[in-house]
Amino acid sequence: MEKKIYLQKIGDLNHLILKKLQTDLKQELKEFIDSVEILPNNFPLDNSDFRVKRNQYYGTSLLKKFELHIKNKNYPNTLGVLNRDIFSLNKSNEPTRYVFGIARKIINSDSTRVALISIIRLKEDFYKRRRKKRKERKRILKEAVHELGHTFSLKHCKDYCVMQYSNSLAEADEKPAKFCQTCSEKLKNSIENLS
Ligand SMILES: [Zn+2]
Ligand SMILES: [Zn+2]
């Protein structure tokens, strides 16, 4: 079976960003997967998920809708990418200030492997600073690899590893785009078990 990852645009997003991410993911994950494909069209944002006071989308609800869409279309391993700010709920069910990404928790082998990342806070212009294109592209790659790691059951890791938890740009910049040895082996097993 071909090991493939799908990318889906959510709402308005510059297509070039997805193209670059596709190239970067292919390169970064080449020892784990065979191909990265961009799905046609875009998955629309739902106004009911927008929280006016926060000026953010409720990521958890968005992820649920996206998951249903992925399930109906029968796409395994899909990462949605959006350019809007999102928040989710933490373990105590309180809303977080923001998140870079969220992944569907894998409960059993039937769980849909789906995640999303928001690129808006990974770009310097969000902070009214000058663009740093190379750095921003790297951040997007890291957050994508991280969330995809979750969809293959990887948990947060304390080693020098892309699975390090990051909730600030400094943390995102500090971690590598690569998996540590342990996570890399776990990921290989998890992917092997699919086929
Ligand atoms: Zn994480
Ligand atoms: Zn690790």
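Let me start with a pair of strands: β4 (residues 56-58) and β6 run parallel and are joined by two bridges. Strands pair, in this talk, when DSSP finds at least two bridges between them. Both strands and helices are DSSP runs, numbered from the N terminus: a strand is E over at least two residues, a helix is H or I over at least four. Tyr58 has Phe87 of β6 as its bridge partner.

Some housekeeping. This is a predicted model, in which local features need pLDDT of at least 70 and side-chain atom pairs count only at pLDDT 80 or more, while totals for chains, interfaces and linings use all residues. Residues are numbered from 1 along each chain as its sequence is written, and chains are lettered from A and ligands numbered from 1 in the order in which they are written.

Back to the sheet. β4 and β6 belong to an open sheet of three strands, with the order β3-β4-β6 and mixed pairing. β3 (50-51) and β6 (86-87) are at the edges with a single partner strand each, so one side of each has no neighbour in the sheet. Helix α2 (residues 59-73) packs on this sheet and touches β4 and β6, and its direction makes about 55 degrees with that of β4. For such angles, axes are lines fitted to C-alpha atoms, for helices over the stretch in contact, and the angle between N-to-C directions runs from 0 to 180 degrees. Contact between two residues means that their C-beta atoms, placed from the backbone, lie within 7 Å.

In the loop between β3 and β4 sits Asn55. Its phi is near 55 degrees, which is a positive value in a residue other than glycine. Is Asn55 buried or exposed? It is exposed, because 9 other C-beta atoms lie within 10 Å. The cut-offs, with C-beta atoms placed from the backbone, are these: 20 or more others within 10 Å is buried, 12 or fewer is exposed, and in between is partly exposed.

Next slide: the other sheet. Five strands form an open sheet with mixed pairing, in the order β2-β1-β5-β8-β7. Its edge strands, β2 (35-43) and β7 (101-103), each pair on one side only. From one strand to the next, the twist averages 20 degrees.

Which strands does β5 pair with? Strand β1 (residues 4-10) runs parallel to β5, with five bridges between them, and Ile10 is partnered by Leu82 of β5. Five bridges also join β5 to strand β8 (residues 114-118), again parallel. In β8, Ser118 is the bridge partner of Leu82, and Ile117 stands opposite Val81.

Why is β5 (residues 78-82) described as largely enclosed by the rest of the structure? Because five of its five residues are buried. Side chains in a regular strand alternate between the two faces of the sheet. In β5 both faces are covered: Thr78, Gly80 and Leu82 on one side, Leu79 and Val81 on the other, all buried.

Asn77 counts as buried because it has 20 C-beta neighbours inside 10 Å. Beyond its neighbours within four places in sequence, Asn77 is in contact with Lys4, Ile5, Tyr6, Arg113 and Thr151.

Now the helices. α3 lies across β1, β5, β7 and β8, and runs at about 160 degrees to β8. Helix α1 (residues 15-28) comes within 10 Å of α3 (residues 133-151), axis to axis, and the two cross at roughly 60 degrees. That angle makes α1 oblique to α3; under 35 degrees would be roughly parallel, over 145 roughly antiparallel, 65 to 115 roughly perpendicular, and the rest is oblique. The crossing is right-handed, that is, the near helix is turned clockwise from the far one by less than a right angle, with anticlockwise being left-handed. On α1 the contact is made by Lys20, Leu21, Asp24, Leu25 and Glu28, and on α3 by Arg137, Ile140, Leu141, Ala144 and Val145. Six of these residues are nonpolar, none polar and four charged. Here Ala, Val, Leu, Ile, Met, Phe, Trp, Tyr, Cys and Pro are nonpolar, Asp, Glu, Lys and Arg are charged, and the others, including Gly, are polar.

Last item: Lys128, in the loop between β8 and α3. Lys128 has a positive phi of about 60 degrees, although it is not a glycine. With 6 other C-beta atoms within 10 Å, Lys128 is exposed.
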